[in-house]
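Please work through the following exercises with the coordinates loaded, and try each task before reading its solution.

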Amino acid sequence: MENININRDKRLFLCLMLIIVIAISMITFTLFFIIRNSGINLYKIIIKTIILLTIIIIVFLLFLSYLLARLINNKKVPNIFITFLERSVKLIYPVMIFLSSLVNIDKDSIRRVFSQINNKIVILKEPKLNPEDILVIAPHCLQKSFCKHKITGNIDNCHKCGACDISDLIDVCNKYNVKLEIVTGGTLARRLIKDYKPRGIIAIACERDLSSGILDVKKVPVIAITNERPEGPCKNTCVNTRNVEDSIKLFMRRL
Ligand code: SF4
């Protein structure tokens, strides 16, 4: 079973932001010392412009870190900054993933916090949805590997034996009259989204698939729920159906 500590993940995420700020600050100071010792005017103008740009980036990153720290610690963030936060986080996320491999930080920690930030932004931003606007997408690895019933494409084929979480997932979705689809991967998920045209998606998957899904599906808000993997990746995974139910209620503004 993976050891997930979301508070540690949050600290790692903010530390990485700080590392980026420190790295850019060091570049700025280096450039500053170069122009102090340089006598060529054109050279000075170019470097001054670069310094100005890096200062703007540092201020942007510090402000973004401040807003993110508030958001992930459940503190109020003014509504006018929500869109700024959403776009900035998606912009900085690839840099953080690149940096996490450089400094040997578990990428899934960064992905988990990214998904969590995304979920909070979706809840703050989106209007109330009706059940028919919501699509729940779950991976087929939730199904027990010994189960012979083909549930991708037709969830009604599940015999609801209760051996895996699919059974409870069907009950939760039926309770709220929300569409549930089991997918084998991103291609099928994208096709379903295109066909079904939901206004809100609840996606269950591993950290990597959730993050790429959030970045892929640009126009539809996605609430991301990480699956649990007691037997390792892609086999007999589980999901906390309570989280799925809460997400449906959040979209429907019943929570
Ligand atoms: S609940 Fe039972 S029948 Fe349904 S998918 Fe899981 S193992 Fe198969």
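The exercises below concern a predicted model and go from the overall fold to the ligand shell and then to one helix.

**Exercise 1. Describe the order of the secondary structure elements and the overall extent of the chain.**

Solution. Begin with the count, which gives eight helices and four strands. Next, read the elements from the N terminus, where the order is α-α-α-α-β-α-β-α-β-α-β-α. Then take the principal axes, along which the C-alpha atoms fill a box of roughly 80 × 35 × 30 Å. Finally, consider the contacts with a separation of 6 or more, of which 66% are between residues 24 or more positions apart.

**Exercise 2. Determine which residues surround the ligand, and sort them by class.**

Solution. First list the shell, which consists of Gln143, Cys147, His149, Cys158, His159, Lys160, Cys161, Gly162, Ala163, Cys164 and Ser167.

**Exercise 3. Find the buried residues of helix α5 and the elements against which they pack.**

Solution. Start from the range of α5, residues 166-176, and apply the cut-off of under 20% relative accessible area, which leaves Ile166, Ser167, Leu169, Ile170, Val172, Cys173 and Tyr176 as buried. Lastly, inspect the backbone just after α5, where asparagine 177 takes a positive phi of about 60°.

How values were computed. Residues numbered from 1 in each chain as written. Predicted model: local features only at pLDDT ≥ 70, side-chain atom pairs only at ≥ 80, totals over all residues. Heavy atoms only, no water. Helix = DSSP H or I, 4+ residues; strand = E, 2+ residues; numbered from the N terminus. Contact = heavy atoms within 4.5 Å. Near = heavy atom within 4 Å. Buried < 20%, exposed > 50% of the residue type's maximum accessible area, 1.4 Å probe, protein only.
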